[in-house]
Amino acid sequence: MVQKIKTSSNEYWLIEQKDIFQNILIGDAVRLTRQKSDDYFFIHDVQLIKSNKIISYDDILDNEILFFDYVKRMKEVPVRNFITEDFDVKKYLVD
């Protein structure tokens with residue numbers, strides 16, 4: 001199950017948690033918070049975030065689940081207006 005997590009550094013992540021090892025979440029992920037010049041990457045089965053850095057588990061929207069699945073399938077997705085608008089993730093872009 002994909003979850004949306006907000007961290008203490010004000011980043012949002014979509015994470016499919018697989019395990020916790022020494023207080024660190026392990027799983028598949030896409031970082032939603034990106035620079036406009038960055039790409040989105042699918043991160044597979046790695047240590048991601050320390051539990052004490054998680055501020056909240058937010059409600060995940062259907063479009064965000066679709067976006068996670070899209071990036072998972074593509075592996076790398078450029079930040080482009082048509083993509084961020086289609087999946088309604090533009091609000092997570094930072095300058």
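Biologist: Why is Asn 23 counted as partly exposed?

Modeller: Its relative accessibility is 43%. Buried means under 20% relative accessible area and exposed means over 50%, with partly exposed in between (1.4 Å probe, protein chains only), so Asn 23 counts as partly exposed. Keep in mind that this is a predicted model, where local features need pLDDT of at least 70, side-chain atom pairs count only at pLDDT 80 or more, and totals for chains, interfaces and linings use all residues. Residues are numbered from 1 along each chain as its sequence is written, and side-chain values use heavy atoms, with hydrogens and water left out.

Biologist: Where is Asn 23 placed, and what is its phi?

Modeller: Asn 23 sits in the loop between strand 2 and strand 3. Its phi is near 70°, a positive value in a residue other than glycine. Asn 10 also has a positive phi, about 60°, and is not a glycine; that one lies in the loop between strand 1 (2–7) and strand 2.

Biologist: What makes strand 2 and strand 3 a pair?

Modeller: Two strands pair if DSSP finds at least two bridges between them, strands being DSSP runs of E, at least two residues, numbered from the N terminus. Eight bridges join strand 2 (residues 12–21) to strand 3 (residues 24–31), so they pair, running antiparallel. Glu 16 stands opposite Asp 28 in strand 3.

Biologist: And why is one side of strand 6 and of strand 7 left without a neighbour in the sheet?

Modeller: The open sheet has five strands in the order 6-3-2-1-7, with antiparallel pairing. Strand 6 (43–50) and strand 7 (54–58) stand at the edges, each with a single partner strand, so one side of each has no neighbour in the sheet.

Terms used: Helix = DSSP H or I, 4+ residues; strand = E, 2+ residues; numbered from the N terminus.
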